[in-house]
Amino acid sequence: MKKRKFWNWVRDSDTGERTLVLNGTIAEDSWFGDEVTPGIFRDELMRCDGNITVWINSPGGDVFAAAQIYNMLMDYKGDVTVRIDGLAASAATMIAMAGGTVEMSPVGMFMIHNPSTAVIGNTKEMRAAIQMLDEVKDSIINAYELKTGLPRQQLSDLMDAESWMNAKKAVELGFADKILFAGADEEKQSEGVEAMLFSRRAVTNSLIDKIKAQSQQFIKAAEPDSRVSADALRSRLNLIVH
């Protein structure tokens with residue numbers, strides 16, 4: 001059965017520069033154990049020389065496919081410019097890190113999170129899967145660290161939280177280098193625009209804190225008021241003294 005390609009090459013007839021379009025899920029049919037599909041991609045990449053532009057609009061997919069594409073682009077002799085269109089999420093962000101220059105659409109989104117898998121088996125197999133996921137996470141952090149220069153612990157925390165960021169935040173953290181279509185004047189005007197980072201963990205924790213606070217208020221409201229006024233206590237004290 002022929003695998004569906006998630007990439008497409010476009011060549012500019014005037015300049016001869018090539019554009020690689022990565023659109024949709026990366027390798028719906030896993031590259032794991034597949035020697036043919038990565039070979040086809042490499043042959044197409046190396047068929048011509050010169051600079052290339054990579055457009056990414058992908059929710060992610062096979063982390064091993066993304067890793068191979070990342071390595072191929074990093075090893076490519078020409079300049080690689082990555083442009084994030086609507087979304088670069090999950091495994092797609094690894095490929096984005098291969099760009100010598102990463103440009104992001106002002107309406108695009110960038111999302112990183114921990115790798116996941118599905119496992120069936122006994123406790124030994126489950127522990128092996130956990131260890132494998134930890135190693136995969138470390139390998140992904142290697143690419144993020146090389147591009148952004150951020151501390152590994154900070155990158156790990158961002159992945160733990162499933163972090164979504166707009167173009168300005170991606171540039172601020174070093175995942176992207178510039179915002180597409182923004183000239184010098186426009187970039188200056190956008191200095192007051194807030195860089196947005198959405199964390200699923202932060203939202204969950206905020207919700208839990210609000211629920212706790214409301215519960216505590218309810219408990220306090222339900223407790224009987226056993227306080228006695230000072231005037232009443234003085235009156236009782238006077239009765240005892242007399």
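Student: What volume does the largest pocket have?
Tutor: In this predicted model, the largest pocket has a volume of about 240 Å³.

Student: And which residues are closest to its centre?
Tutor: The lining of the largest pocket has 18 residues, and those closest to the centre are Gly61, Val63, Ser90, Pro115 and Ser116. The elements that each give two or more residues to this lining are helix H2 (63-75), helix H3 (91-96) and helix H4 (123-148).

Student: Which helix gives the most to the lining?
Tutor: That is H4, which gives 5 residues to the lining of the largest pocket.

Student: How do the lining residues divide into nonpolar, polar and charged?
Tutor: The lining of the largest pocket has 11 nonpolar residues and 7 polar ones, with no charged residues.

Student: New topic, helix H1: which of its residues are buried?
Tutor: In H1, which covers residues 36-46, the buried residues are Thr37, Pro38, Phe41, Glu44 and Leu45.

Student: Why do those buried residues line one face of the helix?
Tutor: If you look down the axis of H1, its buried residues fall within an arc of 130°, so they line one face of the helix. In general, an α-helix has 3.6 residues a turn, so residues three or four places apart point the same way.

Student: What do the buried residues of H1 pack against?
Tutor: They pack against strand S1 (7-11), strand S2 (18-23), strand S3 (52-58) and H2.

Student: Now the strands: is the pairing of S4 and S6 parallel or antiparallel?
Tutor: Strand S4 (residues 80-89) and strand S6 (residues 109-112) run parallel and are joined by 3 bridges, with Ala88 standing opposite Phe110 in S6.

Student: And how many bridges pair S6 with S7?
Tutor: S6 pairs with strand S7 (residues 163-166) over 4 bridges in the antiparallel sense, and Trp164 in S7 is the bridge partner of Met111.

Notes. Residues are numbered from 1 along each chain as its sequence is written. This is a predicted model: local features need pLDDT of at least 70, side-chain atom pairs count only at pLDDT 80 or more; totals for chains, interfaces and linings use all residues. Side-chain values use heavy atoms; hydrogens and water are left out. On a 1 Å grid over the protein atoms alone, a cavity is a set of points where a 1.4 Å probe fits but cannot get out, and a pocket is an open set with protein on both sides within 12 Å along at least five of seven lines; lining residues have an atom within 4 Å of a point. Grid points are joined across faces, edges and corners, and a volume is the space filled by probe spheres set on the points. Ala, Val, Leu, Ile, Met, Phe, Trp, Tyr, Cys and Pro count as nonpolar, Asp, Glu, Lys and Arg as charged, and the others, Gly among them, as polar. Buried means under 20% relative accessible area, exposed over 50%, partly exposed in between (1.4 Å probe, protein chains only). The arc is that of the directions from the helix axis to the C-beta atoms. Contact means heavy atoms within 4.5 Å. Two strands pair if DSSP finds at least two bridges between them.
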